[in-house]
Amino acid sequence: MSITLGRPVGIEDRPRSGGRRAVWLAAGVVVFCVVLVGRVGRFGFNPTDQGFVLAQSWRLLHGELPHADFTSPRPLGSAVLHLVDFAVPAPLFVSSSFVMMVELTVATIAMAALLTRTGPAAWGPSRLGLVAAAAMVNLHTYPLMAWHTVDGVFLVATGLWAVDSGKRRTGFFLLGFAVIVKQSFAPALVLGLLLVVLHPARRQWQRIGVDLLFLVAAPLSYYVLIGGGFPAAKEQLTAATGTWGERLLEIADTTAIVQAGVVLAVLAVVWLARERLGTPGQWLRIALGVAVAAITVSVVVRGQLAHAGDWSITLLWIFMAAAAADAVIQRRFPWQYLSVAGLAWMSSLSWGYPYPGLVAGSMALGTLEVLARTIDLRARWAEALGGGAGPDRGRAGRAAAGQRPRRRAVRGPPAGQAHPRPRRHRAVAALGPHQPERARLPRPAARLRRPVPGSQGRDHAGQRVRLSGAGPAQPVPDGLGAAAGGRRRHRAAHARHHRRAQPRRRLPGAVPDRHRTGAGRG
């Protein structure tokens with residue numbers, strides 16, 4: 001079994017996002033955030049952290065230097081990022097909540113696009129609804145306010161998506177910007193270095209230096225911003241006690257993790273033996289996938305979207321097991337899943353909130369995506385609607401079975417019927433009623449009303465034939481096609497030269513063309 005970093009065989013490439021679909025998607029994000037802030041975000045106030053980042057942004061607006069004019073235990077990247085809150089035409093309390101919700105929604109879309117390997121412009125209503133639900137789970141009961149962790153999740157998620165979608169410089173700049181938001185997102189710089197070298201779409205070695213420059217652009221700019229306050233900044237940023245995420249190992253109930261891990265391992269084994277198991281194996285995969293989906297949804301429901309709880313940690317370990325199953329099923333290194341898991345770990349490196357709750361909805365959606373890819377929901381849905389049976393029905397089923405997609409054949413009209421366009425392609429009709437419309441014909445013969453005697457074409461079996469004005473088409477012996485084509489081109493070139501050599505005919509009494517003869521000049 002070979003493991004590759006590339007895309008699996010049969011998975012469709014991302015369609016190009018249309019401008020109109022992108023506009024509608026952006027409008028939907030804005031409406032979704034406005035409704036949510038209007039219904040929920042305008043209530044409640046966090047007495048300890050509300051306005052903390054906005055106060056730093058206000059100081060930057062008034063010309064104060066970070067770590068020199070005021071102290072901060074974290075880098076001031078969030079203060080720079082939330083300068084946009086003052087530009088939103090709304091009260092600052094409401095505008096900061098709106099900007100935070102936009103960041104979390106865009107981060108959810110970016111993680112969904114990264115895990116599903118499809119563009120948002122190609123999503124249907126069902127997937128858009130699932131992504132909106134994942135955004136709600138990511139929010140859970142977290143306060144709607146400007147905060148460092150939300151900024152880091154937004155920057156890393158969008159950076160990974162931009163790198164994977166081909167916008168490498170933008171993605172690397174965002175990954176580097178996450179480093180100056182909070183110390184816990186410093187591993188994003190290491191992740192960016194790995195993507196520079198190991199990403200499947202990496203550029204030539206001569207252009208890797210440009211990618212590295214964009215990756216370190218934000219940290220270098222922050223170093224220039226603080227100026228002479230670097231000694232004070234170093235003392236402030238390294239004075240606190242660090243954490244490495246030990247809370248992720250302190251789980252009271254591991255029943256759901258063990259159950260999901262065992263079922264996913266069995267699902268991977270059944271997938272490897274799918275050819276031997278046949279139809280019973282398909283139904284067994286469906287049953288196992290439904291079981292894992294039920295376990296994942298039950299963890300979210302029983303957790304009640306609590307602000308502090310083990311439900312998000314449980315989803316992280318189930319997501320890791322799904323990433324291992326995806327590596328076995330797709331025969332590829334699941335760097336997208338591991339990147340999102342790393343983002344969840346970075347978001348849990350906190351003094352007051354050591355939970356990956358801000359990524360919990362995306363991890364649940366990624367687990368369901370692995371299950372849908374395994375049991376091939378689109379083929380099963382088509383079978384239920386009467387569209388056919390078996391995993392090889394359509395492009396999705398062949399992709400799930402590891403086969404290459406079939407090419408659509410060009411079919412001609414049924415037997416006994418005339419060609420659909422006989423007037424334009426009279427030469428095609430002379431070959432018979434069973435010929436496809438896209439037959440290989442000489443270009444002059446396709447424009448004439450009747451075939452030129454001696455011209456050549458192709459019959460329904462692909463054999464070269466000689467056309468005539470009357471009678472059936474005559475086969476051309478092998479080796480004569482090139483010679484006949486050369487003689488035909490020579491005759492056409494000779495006729496064009498002969499026409500140019502003939503003087504132009506003028507009607508009696510016609511006035512000569514002054515522009516051509518030059519008469520009347522001077």
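Analyst: One cut-off to begin with: a residue is buried under 20% relative accessible area, exposed over 50%, and partly exposed in between. Also, this is a predicted model.

User: Then where does Arg 331 fall, buried, exposed or partly exposed?
Analyst: Arg 331 has 48% relative accessibility, so it counts as partly exposed. It is located in the loop between helix H15 (311–330) and H16. Its phi is positive, about 55°, although Arg 331 is not a glycine.

User: What about Arg 117, what is its phi?
Analyst: Arg 117 is not a glycine either, and its phi is positive at about 60°. This residue sits in the loop between H4 and H5. Arg 117 is buried, with a relative accessible area of 3%.

User: Switching to H2. Which of its residues are buried?
Analyst: H2 covers residues 52–61, and the buried ones are Val 53, Leu 54, Gln 56, Ser 57 and Leu 60. They lie on the same side of H2, because the arc they cover around the axis is only 155°.

User: Why would residues a few places apart point the same way?
Analyst: An α-helix has 3.6 residues a turn, so residues three or four places apart end up pointing the same way.

User: And what do the buried residues of H2 pack against?
Analyst: Three helices: H3 (77–81), H4 (92–116) and H6 (148–164). After H2 comes Gly 63, which has a positive phi near 90°.

User: Next, Arg 168. Where is it, and is it buried or exposed?
Analyst: Arg 168 is in helix H7, residues 168–179. It is buried, at 3% relative accessible area. Its side chain makes a polar contact of 3.3 Å with the side chain of Asp 211.

User: Aromatics now. How many aromatic pairs are there?
Analyst: The count is 5 aromatic pairs. One of them is Tyr 142 with Tyr 353: the ring centres are 5.4 Å apart and the planes are at 65°, so this pair is edge-to-face.

User: Which parts does that pair tie together?
Analyst: Tyr 142 is in the loop between helix H5 (125–139) and H6, and Tyr 353 is in the loop between helix H16 (335–347) and helix H17 (360–375), so the pair ties together parts 211 residues apart in sequence. Both tyrosines, Tyr 142 and Tyr 353, are buried. Ring pairs also link them with Tyr 355 into a cluster.

User: Last one: what sits over the ring of Trp 271?
Analyst: The charged end of Arg 274, at 4.3 Å from the ring centre.

Key
Residues numbered from 1 in each chain as written. Predicted model: local features only at pLDDT ≥ 70, side-chain atom pairs only at ≥ 80, totals over all residues. Heavy atoms only, no water. Buried < 20%, exposed > 50% of the residue type's maximum accessible area, 1.4 Å probe, protein only. Helix = DSSP H or I, 4+ residues; strand = E, 2+ residues; numbered from the N terminus. Arc of directions from axis to C-beta. Contact = heavy atoms within 4.5 Å. Polar contact = N/O pair within 3.5 Å; in protein donor to acceptor, adjacent residues only side chain to side chain. Phe/Tyr/Trp six-rings, centres within 6.5 Å; stacked < 30°, edge-to-face > 60°. Lys NZ or Arg CZ within 6 Å of the ring centre and 35° of its normal.
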